[in-house]
Amino acid sequence: MNDNNLMQIMYDYLDAMFIGSDKSQNNAAVLQLLPLGTAINPKDFANPVSAVNFDEGSLAASENFALLVNDIPCAQPKFVSQGKLEDIYSWILNNAVAVQEQEIDEDAKKRYDEAFGLLNEKVEKGGKSVYVPSQELEAYNDALAAYEDAVSTRNMESLEADHTSSKGQKVWSVKKKKLDGDVKRAYDRLSAYVSVKNALDIVKTTYAEGVKGTVAREKEFFASSAQTSDMGREWHLCSAYPSDWYENDNMYTGIKIDGNSMKDNKSSKYLNMGAETSLSVGIFSASASGEHKEDESHRDSETNVTGIQMDVAAVRIERSWMNETLFALDGWKIAGQKKGHISDGTFITEEGKKHNEGIMPLIPKYMLVARNVTLTGNFSKTLQDQMSKETTANTSIGVGPFKIKGHVETGESTENVEANCDQASITIATPQIIGYISSVVKMSPKNE
């Protein structure tokens, strides 16, 4: 395959579109693309349990989603799992030790309890009590998703606008006025949920019971919100926004990327991470999400990709059972471990020289879903022949982060990826996860 910058261009384009300046304060949000996409069957996630349908909702669908977003990525350019969020968070709660204590503030505790009650509903499901986001919180999160979608659309339109010519600037000025109006209307809708926003702030910042009490409270909530699968495995509910992401056609934005889409290599986040710019093409061994291992002996050196067209969406992930502000709290440690054992508060330093080696350096907050993908270029006879052959259950063929042949990996699905390949193009109909946007966990714990 001829060397090109398409991987870098795609990364920087998606980063500018979905992160931009809105989520990147203090380098708090980072994009990682999968080494090979996770093909999904939307039916596996249909009608999950929520506050509005906990009687008819499907626990199986909720469990499928919880499993899908349970990986902790390594601090590196590609999304590769180094463990499971639920397991590591449980270990942290069980091993956190207070190094200082404070008196209980009863008024603050009352404010916390009231805020918690507004944000969560306790319902009976599957013979066990379970906390789900309240209807008020669901409405707030849907409004937030609509606002973020409006911002991403404005970012994308700005990326594709002609800012160099006088005519292009005039066209963009008119279009920007409408897009800014869409963002404002979405923000006004979000502002209507001020009570929910205040409750979220209280829950995130109130430690009225001191460090020891806070850790005990989070540990109790984590245990009480656990569900048990048919296989005896414990898991915890996660919520997605838009909540109907598995069937929502409106959440997708069509984009087209080629070698002229992004040209500023000096400011490229992808290059600054020390990542390779070429789209890898070949046969890969497949396992769980984010854990694919590349087989270097099956690389296709005769294929060259020059363009990518796809519908793409960012789906936000909420975990009510995880209180991330615990990581920012001082006054506790993990016995026998150094400070920063969970995270040193960084991602990758300039030019990829230093990586965060904590046990939970990042927490995935958004998954990027792509569908109706078309890759253009020159695809070798070898690749076309491989596409026509049967692949074994544990192998897949990929181009960059896109799976073009293999099996759906979610739920109990046994479907194959729907894709066609000829000399000039590859089309992929099956939706798949191609990456995640994660938050960088702050320095934690802060004590030896």
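Predicted model: local features only at pLDDT ≥ 70, side-chain atom pairs only at ≥ 80, totals over all residues.
**Entry 1: H4 and H7**

I looked up how helix H4 (residues 106-119) sits against helix H7 (residues 194-205). Their axes come within 9 Å and cross at roughly 125°. That angle makes H4 oblique to H7. I noted the hand of the crossing as left-handed. From H4, the contact is made by Arg 111, Tyr 112, Ala 115, Phe 116, Leu 118 and Leu 119. H7 brings Ser 195, Val 196, Ala 199, Leu 200, Ile 202 and Val 203. I sorted these contact residues by type: 10 are nonpolar, 1 is polar and 1 is charged.

**Entry 2: Lys 403**

Next I went to strand S17 (residues 402-405), where Lys 403 is found. What does the side chain reach? I found the backbone oxygen of His 407 at 3.3 Å. Beyond four places in sequence, Lys 403 touches several residues, among them Leu 36, Ser 396, Glu 409, Ile 428 and Gln 432.

**Entry 3: Ser 268**

I then checked the loop between strand S10 (253-258) and helix H9 (269-272), which holds Ser 268. A polar atom of its side chain lies 3.0 Å from the backbone nitrogen of Leu 271. For the backbone nitrogen of Tyr 270, I read 3.3 Å. Leaving aside neighbours within four places in sequence, Ser 268 is in contact with Gln 8 and Asp 12. I also looked up Ile 9: it is 259 residues from Ser 268 in sequence, yet 8.5 Å away in space, C-alpha to C-alpha.

Conventions. Residues numbered from 1 in each chain as written. Heavy atoms only, no water. Axes fitted to C-alpha atoms, helices over the stretch in contact; angles between N-to-C directions. Helix = DSSP H or I, 4+ residues; strand = E, 2+ residues; numbered from the N terminus. Parallel < 35°, antiparallel > 145°, perpendicular 65-115°, else oblique. Left-handed = near helix turned anticlockwise from the far one by under 90°. Contact = heavy atoms within 4.5 Å. Nonpolar A, V, L, I, M, F, W, Y, C, P; charged D, E, K, R; others polar. Polar contact = N/O pair within 3.5 Å; in protein donor to acceptor, adjacent residues only side chain to side chain.
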